[in-house]
Protein chains: 2
Amino acid sequence: MSEIIAATEAVLLADCSDTFVTRRAASITLDYGGIPGDIHFGLTRPAGAREPMYPRGTEIFNRRQITILSAEECEKIAENMGLETILPEWLGANMLVRGVPALTQLTPGSRLLFPSGASLYCEGENMPCTGPGEVIQALHPDLPKLTAKFVKAAYHLRGIVCSVERPGPVHEGDTVRVLVHKLS
Amino acid sequence: MSEIIAATEAVLLADCSDTFVTRRAASITLDYGGIPGDIHFGLTRPAGAREPMYPRGTEIFNRRQITILSAEECEKIAENMGLETILPEWLGANMLVRGVPALTQLTPGSRLLFPSGASLYCEGENMPCTGPGEVIQALHPDLPKLTAKFVKAAYHLRGIVCSVERPGPVHEGDTVRVLVHKLS
């Protein structure tokens with residue numbers, strides 16, 4: 001198990017409306033199931049397109065509690081799309097971290113530990129969907145075909161989904177210790 | 001994603017006393033957190049030796065809800081130890097399956113689907129501990145050093161731990177569909 005020390009550049013949540021777009025906060029509170037009040041909070045959720053083995057809408061355990069993006073990978077997506085910036089808000093991220101090489105490829109089973117004692121468990125890569133592309137297109141009405149471009153531009157750069165292993169607060173600017181899991 | 005069709009040879013639970021040793025049942029009922037009444041049931045559990053990143057006893061999310069062994073791997077452990085049989089009860093298994101090649105190496109993220117709709121999510125290999133070796137030694141008082149032998153004999157043959165993704169009953173003799181997860 002190797003260890004990486006990185007920075008929590010931003011913490012975010014989607015608690016304002018029915019959109020997955022998130023807003024920055026000074027801190028978020030993790031509990032079992034995610035961030036209370038966030039659109040993705042819950043110990044269970046309805047199965048969707050990512051779980052074709054279940055009828056759509058079947059109640060299953062929620063492993064997609066928290067979405068984390070890498071600042072470096074967001075910069076790469078922006079470059080791939082010819083945009084100046086890609087904000088984590090547009091992709092519905094709950095955290096933006098800087099200093100984890102190839103965050104999206106972080107092995108499932110890796111852990112992210114925060115100074116409060118809060119801890120996240122990496123469930124794996126967040127597979128692309130078109131939702132964020134539509135948000136980005138709506139924000140850049142003068143540029144063509146951004147929705148379609150996004151999926152390709154963000155491939156393997158969409159960060160990870162995590163579940164809460166240990167509750168606690170996480171603050172903007174917190175150091176994060178990433179314990180990289182090695183598959184045996 | 002590849003698919004394997006296998007057989008649930010036995011379902012078991014530890015609901016009799018304070019031991020991890022399990023007993024066979026005609027069926028078990030899976031709920032979020034495991035098998036209600038089983039010694040390992042719960043959405044949370046205290047951190048132990050397998051989670052050195054937490055102070056011992058810290059409450060964390062429970063991913064060790066269900067333990068599954070392979071019949072073929074139990075036969076291999078018995079052979080390695082010079083015993084006639086290794087029963088899944090002694091290792092505290094909740095299920096014994098037959099027909100999954102190298103079950104212990106099943107990729108985390110794989111799913112086991114049962115006819116009722118119940119589903120388990122593979123959390124990874126169950127790392128050896130000495131508890132089952134002590135049970136096996138106590139049952140074979142005439143044979144020397146079985147406790148120590150067990151850890152080596154069972155290395156990478158100790159099966160997997162799972163969490164419940166979708167509740168429901170599982171019956172002895174049920175067919176199980178194993179959806180093997182491929183890491184991208």
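Copies of a chain are superposed here by least squares on the C-alpha atoms of residues with pLDDT of at least 70 in both. In this predicted model, local features need pLDDT of at least 70 and side-chain atom pairs count only at pLDDT 80 or more, whereas totals for chains, interfaces and linings use all residues. Residues are numbered from 1 along each chain as its sequence is written, chains are lettered from A in the order in which they are written, and side-chain values use heavy atoms, with hydrogens and water left out.

Two copies of a chain are related by a rotation about an axis and a shift along it. Chain A is superposed on chain B by a rotation of 180° with 0.0 Å of shift along its axis, at an RMSD of 0.0 Å. That relation is the one of a two-fold axis. Among the residues of chain A, Pro108(A) comes closest to the rotation axis, its C-alpha lying at 3.9 Å. Both copies use the same surface, since 100% of the contact residues of chain A recur in chain B.

The contact (heavy atoms within 4.5 Å) draws 29 residues from chain A and 29 residues from chain B. Between them the two chains bury about 2,400 Å², 59% of it on carbon and sulfur atoms; buried area is the accessible area (1.4 Å probe) that two parts lose on being put together, summed over both. On the side of chain A, the most area is lost to chain B by Met53(A), Phe61(A) and Arg63(A), together 24% of what that side buries.

Four salt bridges are counted between chain A and chain B, each a side-chain nitrogen of Lys or Arg within 4 Å of a carboxyl oxygen of Asp or Glu. In one of them, Arg63(A) pairs with Glu165(B), the closest N and O atoms being 3.7 Å apart. Strand S5 (59-61), strand S8 (111-113), strand S9 (119-125) and strand S10 (160-166) of chain A each supply at least two residues of the side that touches chain B; strands are DSSP runs (E, at least two residues) and helices likewise (H or I, at least four), numbered from the N terminus.

Within chain B, Glu89(B) lies in the loop between helix H1 (71-81) and strand S7 (95-98). Glu89(B) is buried, with a relative accessible area of 14% (buried means under 20%, 1.4 Å probe, protein chains only). Leaving aside residues up to four places away in sequence, Glu89(B) touches Leu12(B), Val21(B), Thr22(B), Arg23(B) and Arg24(B).

Methods
Buried < 20%, exposed > 50% of the residue type's maximum accessible area, 1.4 Å probe, protein only.
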